[in-house]
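Biologist: Thanks for sitting down with me over this one. Could you take me through the fold, one chain at a time?

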Amino acid sequence: MNGLTFDIAHLLAGSLVLISFMMLYQDRLFALINVFALHAVVLALSVAWQAYIQDAHHLYITAAIALVFKAIVIPVGLHRIIQRLGIHRDIETAVGIGPTMLAGIGLVTLSMVLMLRVTPEADPLAREDLAFALSIILLGLLVMVTRRNAVSQVVGFMSLENGLVLAATGAKGMPLVVEISVAFSILIAFIVIGVFLFRIRERFDSVDIGALDDYRGERR
Amino acid sequence: MNSTVALLLCGPAAFLATTIMAAGASRLAAATRLVYGATLVISAVLLATAAGHLAGNPGEASATLPLGLPWTGARFRLDGLSAFFLVVVNLGGTITSLYGLGYGRHESLPHRVLPFYPAFLAGMNLVVLANDAFSFLLSWEFMSLASWALVMAHHRDEANRRAGYIYLVMASFGTMALLLAFGLLAGPAGTYAFDAMRTAHPGPFAAGAVLVLMLLGAGSKAGLVPLHAWLPLAHPAAPSHVSALMSGIMTKVAIYGFVRVVFDLLGEPAWWSGVAVLLIGGVTAVLGILHALMEKDLKRLLAYSTIENIGVIFASLGLALAFKANGMPSAAALAFTAALFHVLNHSFFKSLLFFGAGAVLTATGERDMEKLGGLIHRLPVTSFVFLIGCVSISALPPFNGFASEWLVFQAILRSPELPQWGLKVIVPAVGGMLALSAALAAACFVKAFGITFLGRARSAAVERAHEVDRWSLAAMAVLAAFCLLAGILPGFVIDSLSTVTLPLVGERMPVQMAQPWLSIVPIAESRSSYNGLLVFVFITISASLAAFFIHRFASHALRRDIAWGCGFPDAVPAGQYTAVSFAQPIRRVFGGFAFRSRETVDMPAPGALEPARLKVEMHDVAWEIFYQPITGAIDFATERLNHLQFLTIRRYLTLVFLYLVILLLVLALWP
């Protein structure tokens, strides 16, 4: 493994983490979706780079899937959903941006410490990749937890999936089947959640999931 | 696959086929006859096969069926121990089916009993045959659930529903303990076959944990104090022939589980394991029979008396463990044989007594002894066989109860040879407890027989009672004959048990059938011997002579009584001795610590017109000490955790997220 390939892989994975942080402080839905599209583009680049350095051609397909679906189809679809729902002006975060960022930094530290400790013998590239992937997964969860709006929770969920794809491609010899299934699961989740959003909307005139809680007669 | 094991495995399959048939046909009029007839035949075949194996070829035979867990299959095995318990189970099954042919006709809801009855028999047979932890636990649970369904047969009754609920909770608790015990025995390699467990000896800590878990798991099914709480509720709730199976047979299957693990799979025992089992057995015996004495419901009295007998058996098993641990195989063989002999005997007389209680229930519709009385005139045959059951369970010669309890005491008398001082002190103390429980058992069954069958009728139902059908009487008569036969031919039983004791404790009792005049000599002629036949002949002759003299001379003698007294001291049947008044002296002696009982006398002032009242307050101490705190804690925790059910989606996500982060933190900080 020469220095340049490692550095580029490291750079791309690191940028994914950085973009996950960017998602944390977006308080407009359109901006959030744009950042997510960027996330998917960088993921596609990272996967393509992995395909190049591992000489694994099937990973190019994974990269293409990521680019087409996650960077183009899903963001465009979500844009249309938001416009149809008329919620593009909503500002929503459940927790303040400062504490969220601090928590995110803590999570990244945790995943670094953990992954570097439990995988001392692994290939250094795979180690770094796994550590970054865990950070992205945790940050995706954090996005889901700190948002009230169902759309942004969907975005958080999909960025979490991006972390999974990164982890899967970082390790050598993961068969294509896995990645395709991951991609499809995201697509299906997107469709299901999209349908679900409209159902909620029809019922409550809002996609703020707080409305569900109000419906159940619960305090928040 | 061995043909004997194949035949024995066909039995449970046939039972299950009968279950399916019964589920389909249970509403037909002939279903009762059909189902009990089928189980009678199947049990008899299984009994003959198992008895043939026990008597003829003491070897082992095993079989693996491609069922159950993938790649492992279900293993079954037949050796001396399982053959003996198969005899107990199927002898009980045969006679209970015979009884069921008659008793089942009075069943108001046959479709709730018939399908589960063969399933219950199948479960018990499979437990005894199982040779790996998975099939054992599966059959065990099957047995528990089938018997639970039978307990819930009359579920409209609130008390039965409560009994079923407590039984279900305790059965799952017991199975959990068994699961953990087998997990410890399987070790990290996860070898669930008994053959592998037998060769892998766990360390002392693991062995101790397995012993405790087995006492919890098998003990809760058998009814050891303080895990007995479900037993006096559930056993009487089922129809009487099922009560007989549960009390007489299922508790024995639990003992089989304990013996299989502790004597067979666990390897060499530590000496203190004997102490634990001995003490629990002694306490169980005394508390069980004290509870039985206080009871006035006939079937619950019998259920409590089962607890006492289980205590005796466990005390004897504990003694065998202590002897085995100290390298005294002949004494261990004596104690172990005594335990198994008592297992067989208890299955005879407890089934007999439950059948008798069922006959009384059929004839009068009453289980409460305070409403019975004088039944000896209405049910002469039932009362005669019930009397034989009472005499046997009270351990009076020449019946079988005496023979096995005498063997237990012979084993206790060898305790001075034990090296540990702890055992030297504890064994005689437990012996004292067993002697006390034997005496109390006699008092208890004097009460059970006297209040139920003697005296005068206490309710109108008794006066209308008729003798029960011939099937039931035949079943009871067969059991009564077995009680007598096992009492006067104990040597035959002891010799048959030698193939069971030899592999498990490494020694057998001396050959008894070679002794002259059917005597049994457990240790040496110089120490003790017992001849049931001689005692029987002596009792028969002396009793006949006494009866002859009384009838010849006393009956014809002139008797005088007060005028207008009609020969009775008191004209009101309610003025007779009652069950509670009979037990009062014993309650006064033991009630203080065993039941925390209190008596208050409410005496009105002179001249006042209200009646005086005697109030007795009794507590079930085991229930209050062990069960109430646990149920209280569970209620408290569920109350506190209840609001977790109504969180928002985001909060749930947050909880999952926090939990994940905490787990990762633990992983990161773990040294």
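Biologist: Among contacts in chain A between residues at least 6 apart in sequence, what share join residues at least 24 apart?

Modeller: Bear in mind that this is a predicted model. In chain A, the contacts that count here are those between residues at least 6 apart in sequence. Of these, the share that join residues at least 24 apart is 70%.

Biologist: And which elements does chain A have, helices or strands, and in what order do they run?

Modeller: Chain A has zero strands and eight helices.

Biologist: How much of chain A is buried?

Modeller: Chain A has 220 residues. The buried ones make up 40%.

Biologist: Over to chain B. How far apart are the end C-alpha atoms of helix α1, and what span should its 23 residues have?

Modeller: Helix α1 of chain B covers residues 3–25. At 1.5 Å a residue, its 23 residues should span 33 Å. That agrees with the model, where the end C-alpha atoms are 32 Å apart.

Biologist: Which elements do the buried residues of α1(B) pack against?

Modeller: The buried residues of α1(B) include B:L8, B:G11, B:F15 and B:T18. An α-helix has 3.6 residues a turn, so residues three or four places apart point the same way. The partners of the buried residues, in chain B, are α2 (31–55), β1 (61–65), β2 (74–78), α3 (80–103) and α5 (116–129).

Biologist: Is α16(B) roughly parallel or antiparallel to α20(B)?

Modeller: Helix α16 (residues 380–393) and helix α20 (residues 470–488) of chain B have axes 10 Å apart and pack at about 30 degrees. An angle under 35 degrees counts as roughly parallel, so α16(B) is, relative to α20(B), roughly parallel.

Biologist: What is the handedness of that crossing of α16(B) and α20(B), left-handed or right-handed?

Modeller: The contact involves, among others, B:V385 and B:I388 of α16(B) with B:M476 and B:A480 of α20(B). By class, it has eight nonpolar, three polar and no charged residues. The crossing of α16(B) and α20(B) is left-handed.

Biologist: And how does α16(B) lie against α18(B), roughly parallel or antiparallel?

Modeller: With axes 9 Å apart, α16(B) and helix α18 (residues 421–453) of chain B pack at about 170 degrees. Angles over 145 count as roughly antiparallel, so α16(B) lies against α18(B) roughly antiparallel.

Biologist: Which classes of residue make the contact of α16(B) with α18(B)?

Modeller: From α16(B), the residues are B:S383, B:F386, B:L387, B:C390 and B:I393. They meet B:A441, B:F445, B:A448, B:F449 and B:F453 in α18(B). By class, that gives nine nonpolar, one polar and no charged.

Terms used
Residues are numbered from 1 along each chain as its sequence is written. Chains are lettered from A and ligands numbered from 1 in the order in which they are written. This is a predicted model: local features need pLDDT of at least 70, side-chain atom pairs count only at pLDDT 80 or more; totals for chains, interfaces and linings use all residues. Axes are lines fitted to C-alpha atoms, for helices over the stretch in contact, and angles run from 0 to 180 degrees between N-to-C directions. Helices (H or I, at least four residues) and strands (E, at least two) are DSSP runs, numbered from the N terminus. Angles under 35 degrees count as roughly parallel, over 145 as roughly antiparallel, 65 to 115 as roughly perpendicular and the rest as oblique. A crossing is left-handed if the near helix is turned anticlockwise from the far one by less than a right angle, and right-handed if clockwise. Two residues are in contact if their C-beta atoms, placed from the backbone, lie within 7 Å. Ala, Val, Leu, Ile, Met, Phe, Trp, Tyr, Cys and Pro count as nonpolar, Asp, Glu, Lys and Arg as charged, and the others, Gly among them, as polar. A residue is buried if 20 or more other C-beta atoms lie within 10 Å of its own, exposed if 12 or fewer, and partly exposed in between; C-beta atoms are placed from the backbone. The expected span of a helix is 1.5 Å times one less than its number of residues.
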